Amino acid sequence: MNAIIAKRVDSDTPDTEEIRDLTRAAGYEVVDEFTQSRKEDPALQIGEGKADELAAAVAETGAAVVVFDNELGPYQTYNLGQKLPEGTRVIDRFRLILEIFGQRAQTRKAQLQVELAELRYELPRAEAKTSLAKRDERPGFMGLGEYDESREQDIKDQISRIKDELDSIARTEADRRDRRRESGFDLVAMAGYTNAGKSTLMQSLAADLELGENDDLHPDLDTTAEAQDRLFTTLGTTTRKMDMERRDVLLTDTVGFISDLPHWLVESFKSTLDAVYYADLVLLVVDVSEPVEDIREKLVTSHDTLYERNEAPIVTVLNKIDAVTEEELTEKREALSALAPNPIAVSGKAQLNLDALRERIDAELPDWKRERLLLPMTEDTMSVVSWIHDHGRVDDVTYADDEVVVDFEARPSVVERARAKAGELPSAPSA
């Protein structure tokens, strides 16, 4: 399906690379583009003369949709629709992003979040339809949809229902996180701008290993994290076990950030970002092959999203070093030092410097606690010793006639559970 893209900026030269990528990601073929540098026209977003040129191009190319990189208000959408040939859709970047999300949503949670975002997008447009209808206008002509007096309340009711269901899913996931930690897993989340190479990096870091007795904790575990060179490959979260020597670590890939997202859209995907907010460590992945100004802008966007609620330490990962020279990498490290102090540079695709990244992850995760437990020798003792082996790092086990001594280290929560299990053992039988 053919599309024309349009973008207005207050000053300077408009950059259309991202909106082109987004439009292609939604499945459209970009056949033309219109840009303008001027103050926003309240009625049309772009100037009237430029809108007339746009209408002529739509008629000439047969484009079915016009995509604005700017956010369009309901009345701007209406007025543009009246200018364009009948049947032409007019959407802005946020409506486009929702289309992409809708195409990629596979899980119930992702589908709910897309539906919630769409309803929040539609609500002010439903209010505009009410206003237009009272003035005897025809809002259905340009894509706002036919006026329905009860639509506003329907939208609000649906938003409430979806939020309740997402809250229920969030509680289930929070319980799963707690049980994973109690079972000895550290939780690491990858965040970053879309197309930074997170999914490829995840494939390189993860191990296709069985989780044994902990299988029931991981119904979401995915052994085939998808990696493709397109935007928003990962919409929901993908979790895999990391290939680590000293720790049991679960790595979660999340939806990529994108600049200039409105609050209502970010809020709709809040529960997906919970995987980042409640992790033990966050890997903030950036594409180091991009121009330094682009990287800086994307780091700022990511930080704005993360620091609002995130409490875990953040490690910046400069990915795709196979695509830059050593000199360029050094220059970018220095230029980005204020936003990314002490970053680690890797290539997920070429599998460069991944051992150093694993060491950094190990060093940044919460410290484990050392413990020495004296257990009575009973029929149940070996199951406790086995449990400690599964959930911690055992340094030594000493067996005597009537007792077992276990020296180990583990997460504090695991140490507490081990103590509790030890306290539940009956005393050793008398000789």
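Visitor: How many bridges join strand 8 to strand 9, and which way do the two strands run?
Guide: Strand 8 (residues 281-287) and strand 9 (residues 314-319) run parallel, joined by six bridges. Strands here are DSSP runs of E with at least two residues, helices are runs of H or I with at least four residues, and both are numbered from the N terminus. Two strands pair if DSSP finds at least two bridges between them.

Visitor: What kind of model is this, and which pLDDT values do you ask for?
Guide: It's a predicted model, where local features need pLDDT of at least 70 and side-chain atom pairs count only at pLDDT 80 or more, while totals for chains, interfaces and linings use all residues. Residues are numbered from 1 along each chain as its sequence is written, and side-chain values use heavy atoms, with hydrogens and water left out.

Visitor: Back to strand 9: what stands opposite Leu-318?
Guide: That's Val-286.

Visitor: And which sheet are these strands in?
Guide: An open sheet of six strands, in the order 6-7-5-8-9-10, with mixed pairing. Its edge strands, each pairing on one side only, are strand 6 (238-241) and strand 10 (344-345).

Visitor: Which helices lie across strand 8?
Guide: Helix 10 (residues 292-306) lies across strand 5 (185-192), strand 8 and strand 9, at about 155° to strand 8. Helix 12 (residues 354-364) lies across strand 5, strand 8, strand 9 and strand 10, at about 145° to strand 8. Angles run from 0 to 180 degrees between N-to-C directions, using axes fitted to C-alpha atoms, for helices over the stretch in contact; contact means heavy atoms within 4.5 Å.

Visitor: New topic: what's the order in the sheet of three strands?
Guide: That open sheet goes 11-13-12, with antiparallel pairing. Strand 11 (369-376) and strand 12 (393-399) are its edges, and the twist averages 15° from one strand to the next. Six bridges join strand 12 to strand 13 (residues 403-410), where Thr-398 has Val-405 as its bridge partner.

Visitor: What lies across strand 13?
Guide: Helix 14 (residues 412-424), which also lies across strand 11, at about 10° to strand 11.

Visitor: Last one: how do helix 1 and helix 4 pack?
Guide: Helix 1 (residues 17-25) and helix 4 (residues 93-104) pack at about 35°, with their axes 9 Å apart. The contact includes Ile-19 and Leu-22 of helix 1, and Leu-96 and Ile-100 of helix 4.
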